Amino acid sequence: MSFPGFLITGTDTEIGKTFTGATLTLAFTALGRRVTPIKALAAGQEPVDGRWVNEDVATLHAVQRLGLTEAQVGPLQFREPCAPHIAAKLEGRHIEREPLLAAVRATAALGDLALVEGAGGFRIPLAEGWDSADFAVDLGLPVILVVGLRLGCINHALLTAEAIRARGLRLAAWVANTVDPHQPHVADNLQALQAGLAAPCLGHLPRFPAPADPASAVAHLNPAAVAGLLA
């Protein structure tokens with residue numbers, strides 16, 4: 001059985017899924033929802049004050065308002081910054097389907113709207129016979145697609161949308177996130193994406209200087225489109 005929320009996936013890795021998820025967490029919280037942001041699998045940790053921290057998990061943990069722990073936000077974390085199945089192998093661990101799904105559902109139950117971020121793009125290996133697309137089907141959530149604006153993004157976005165729908169999932173909306181600030185013909189790309197994806201665009205996020213603050217990105221969302229997801 002699913003729960004209220006959305007799965008956040010992307011056209012690739014490192015295209016702003018976590019930043020977008022944090023921005024949407026703040027936007028939905030402002031609309032009165034008790035949002036549980038969840039980074040289901042996180043690979044890549046750095047030592048901070050004597051403990052291992054994943055930057056994406058820390059980013060999502062910082063914007064939640066429910067008193068969640070970092071372990072609840074990021075239920076499965078690995079040290080090496082690589083594909084999760086490789087990171088798990090390096091640590092002699094296994095990504096187990098039911099325990100991971102149970103952990104995500106347990107955190108989601110602490111609020112009334114979950115934003116579950118997948119790893120990498122829409123389809124990467126997790127365990128033998130099970131990948132991140134299967135994980136999305138297991139959760140059964142409508143999908144928000146983060147499109148990293150750069151050369152090739154139209155192809156990547158349309159193929160991802162096709163894969164989402166082929167698995168019986170609904171593409172609820174998409175967000176344009178600027179990866180290459182020097183990309184030409186942005187308006188034309190956005191027009192092609194809107195036509196091809198056939199789903200509401202929640203906003204176009206510019207390239208923010210590091211460290212980027214999700215609160216500053218909320219103003220770049222379309223309030224009506226964001227509220228429409230909750231209707």
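**View 1. Arginine 97 and aspartate 138 form a salt bridge, with their closest N and O atoms 2.9 Å apart.** A salt bridge here is a side-chain nitrogen of Lys or Arg within 4 Å of a carboxyl oxygen of Asp or Glu. Arginine 97 sits in helix H5 and aspartate 138 in helix H6, so this pair ties together parts that are 41 residues apart in sequence. Helices (H or I, at least four residues) and strands (E, at least two) are DSSP runs, numbered from the N terminus. Arginine 97 is partly exposed, with a relative accessible area of 35%, and aspartate 138 is partly exposed too, at 24%. Buried means under 20% relative accessible area, exposed means over 50%, and partly exposed lies in between (1.4 Å probe, protein chains only).

A note before you go on: this is a predicted model, in which local features need pLDDT of at least 70 and side-chain atom pairs count only at pLDDT 80 or more, while totals for chains, interfaces and linings use all residues. Residues are numbered from 1 along each chain as its sequence is written, and side-chain values use heavy atoms, with hydrogens and water left out.

**View 2. Helix H6 (residues 132-139) has its buried residues on the same side.** Have a look at Ser132, Ala133, Phe135, Ala136 and Leu139, the buried residues of H6. They cover an arc of only 155 degrees around the axis, which puts them on the same side of the helix; the arc is that of the directions from the helix axis to the C-beta atoms. Among the elements covering these residues are strand S1 (5-10), helix H5 (97-108) and strand S7 (113-117), where contact means heavy atoms within 4.5 Å. At the N-terminal end, aspartate 131 caps H6, with a side-chain oxygen 3.0 Å from the backbone nitrogen of alanine 133. After H6 comes glycine 140, with a positive phi near 70 degrees.

**View 3. Strand S2 (residues 35-39) is largely enclosed by the rest of the structure, as 5 of its 5 residues are buried.** In a regular strand, side chains alternate between the two faces of the sheet. In S2 both faces are covered, with Val35, Pro37 and Lys39 on one side and Thr36 and Ile38 on the other. S2 runs parallel to S7, and 5 bridges join them; strands pair if DSSP finds at least two bridges between them. To get your bearings, find threonine 36, which stands opposite alanine 114 in S7.

**View 4. Lysine 39 and aspartate 56 meet through their side chains in a salt bridge (3.1 Å, N to O).** Lysine 39 belongs to strand S2 and aspartate 56 to helix H2 (residues 55-63), so the pair ties together parts that are 17 residues apart in sequence. Lysine 39 counts as buried at 6% relative accessibility, whereas aspartate 56 counts as partly exposed at 27%. A network of salt bridges links Lys39, Asp56 and Glu117.

**View 5. Isoleucine 95 is one of the residues that touch the most other members of the largest nonpolar core.** This core has 41 residues; a nonpolar core is a set of buried Ala, Val, Leu, Ile, Met, Phe, Trp, Tyr and Cys residues joined through side-chain atoms within 4.5 Å. Not counting residues up to four places away in sequence, the contacts of isoleucine 95 include Leu41, Phe78, Leu100 and Trp130. Apart from this core lies another, of 24 residues, including Val175 and Leu205.

How values were computed
A polar contact is a pair of N or O atoms within 3.5 Å; within protein, one must be able to donate a hydrogen and the other to accept it, and residues adjacent in sequence count only if both atoms are side-chain atoms.
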